[in-house]
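Please look over the sequence and the structure shown here before reading on. The paragraphs that follow take up a few helices in turn.

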Amino acid sequence: MRTEWIAKRSGHTNVSQMHYARQGVITEEMHFVAKRENLPPELIRAEVARGRMIIPANINHTNLEPMAIGIASKCKVNANIGASPNSSNMEEEVDKLKLAVKYGADTVMDLSTGGGNLDEIRTTIIKASPVPIGTVPIYQALESVHGNMESLTPNDFLHIIDKHAQQGVDYQTIHAGILIEHLPLVKNRLTGIVSRGGGILARWMLHHHKQNPLYTHFNDIIEIFKKYDVSFSLGDSLRPGCTHDASDEAQLAELKTLGKLTRKAWEHDVQVMVEGPGHVPMDQIEFNVKKQMEECSEAPFYVLGPLVTDIAPGYDHITSAIGAAMAGWYGTAMLCYVTPKEHLGLPNAEDVRNGLIAYKIAAHAADIARRRPGARDRDDELSKARYNFDWNRQFELSLDPERAKEYHDETLPADIYKTAEFCSMCGPKFCPMQTKVDADALTELEKFLAREPVAQS
């Protein structure tokens with residue numbers, strides 16, 4: 001779909017959506033997004049120009065169906081996949097991608113660290129994906145030096161970042177905000193540095209006693225990104241890894257740096273979103289969202305969770321979906337899903353499904369709470385179907401139709417029960433929704449109550 005659109009832009013040194021938006025141009029991608037979001041194209045252009053919305057759309061990802069991440073658009077959900085040296089392979093990851101898209105992932109991040117040729121895995125995923133693909137290039141940079149992180153050079157980082165851009169990656173997590181002066185601030189934490197990319201850079205800086213090379217070479221990364229229209233996803237290397245560490249000095253110091261880097265990228269018309277925590281108690285979530293908006297000039301916020309308690313391994317898709325719904329309500333633009341395997345192992349296909357559905361619920365609940373036009377329409381349609389005992393319509397409108405039908409059919413599998421006016425919870429005699437009161441009867445009751453009020457004693 002995008003091949004003809006992109007051909008018109010050949011020869012331009014900056015092909016970012018923000019660059020065109022700031023020139024007053026409404027690109028084909030912006031028009032496409034406007035239709036998907038049911039918003040005016042001019043509003044999309046203005047939000048992208050302002051930096052409050054991004055359209056991650058690398059010019060080399062031509063089979064992409066453009067989408068938007070920003071406070072003016074619906075709350076989005078990202079699904080993480082990725083092969084590791086210990087588990088999974090390219091075929092399994094492509095299957096996970098297809099499953100994620102099936103269940104509504106708005107973007108997918110390939111976090112592969114092994115399990116095959118990383119370039120082959122990534123390009124296969126991009127070719128198969130109609131949604132934006134994100135990566136963390138520092139993982140492959142480390143793999144390229146066989147795990148010897150101290151030997152990494154700035155050129156090693158830039159080479160991998162450029163390679164991902166050429167391959168069609170739509171956004172990259174760049175851990176440029178963790179500075180050498182931030183490292184002493186983690187000494188009072190329970191869980192230290194829990195970001196994999198942040199940990200790699202922390203060890204590099206401690207070994208070399210030099211500043212973060214992604215920070216010192218940030219302008220070089222900008223030049224790569226504007227050539228392919230890659231969006232920054234500024235990584236939060238010092239995100240809290242437990243509720244004890246939430247909103248501490250280290251996290252907020254990095255956030256201030258991320259704000260400066262956001263504005264630096266904007267000077268070159270490069271799109272930015274900012275990543276956020278992590279593990280945050282419920283009473284600190286609103287503060288974190290508002291603080292990010294303040295420090296980062298309202299660039300879209302993209303949070304992992306946040307998990308609101310630390311005591312539920314195996315159920316962290318629930319502990320985090322609670323925080324995600326609240327974060328979305330307060331203005332977070334995209335939620336990174338957490339699966340039941342968080343902290344325990346590499347997710348399989350069923351974990352992807354469970355994590356994604358939990359987060360689609362959280363994002364949708366946030367859209368309802370923010371009173372986005374039309375957000376509740378599907379809820380109302382499903383409620384009507386439920387009241388009318390239209391079981392097949394209920395399944396159709398569900399976020400996970402197959403699971404809804406599966407649970408219903410566990411006890412009432414025969415086709416005749418798809419039109420029955422009860423389920424196995426109440427049975428045929430006790431379902432309250434069988435109490436149908438027509439409009440005429442209610443009108444007569446209102447007249448009666450107007451004449452003869454019922455005693456309240």
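This is a predicted model: local features need pLDDT of at least 70, side-chain atom pairs count only at pLDDT 80 or more; totals for chains, interfaces and linings use all residues.

**Helices and their surroundings**

Residues are numbered from 1 along each chain as its sequence is written, and side-chain values use heavy atoms, with hydrogens and water left out.

Helix α12 covers residues 249–266, and its 18 residues reach 26 Å from the first C-alpha to the last, close to the 26 Å expected at 1.5 Å a residue, where the expected span is 1.5 Å times one less than the number of residues.

Turning to a pair of helices, the axes of α5 (residues 90–102) and α6 (residues 118–128) come within 10 Å and cross at roughly 25°. That angle makes α5 roughly parallel to α6 (under 35 degrees). The α5 side of the contact (heavy atoms within 4.5 Å) consists of Met-90, Glu-93, Val-94 and Leu-97, and the α6 side of Glu-120, Ile-121, Thr-124, Ile-125 and Ala-128.

Finally, His-317 lies in helix α14, which spans residues 316–330, and is buried, with a relative accessible area of 13%. Leaving aside neighbours within four places in sequence, His-317 is in contact with Val-338, Thr-339, Pro-340, Asn-354, Gly-355, Ala-358 and Tyr-359.

Key:
Axes are lines fitted to C-alpha atoms, for helices over the stretch in contact, and angles run from 0 to 180 degrees between N-to-C directions. Helices (H or I, at least four residues) and strands (E, at least two) are DSSP runs, numbered from the N terminus. Angles under 35 degrees count as roughly parallel, over 145 as roughly antiparallel, 65 to 115 as roughly perpendicular and the rest as oblique. Buried means under 20% relative accessible area, exposed over 50%, partly exposed in between (1.4 Å probe, protein chains only).
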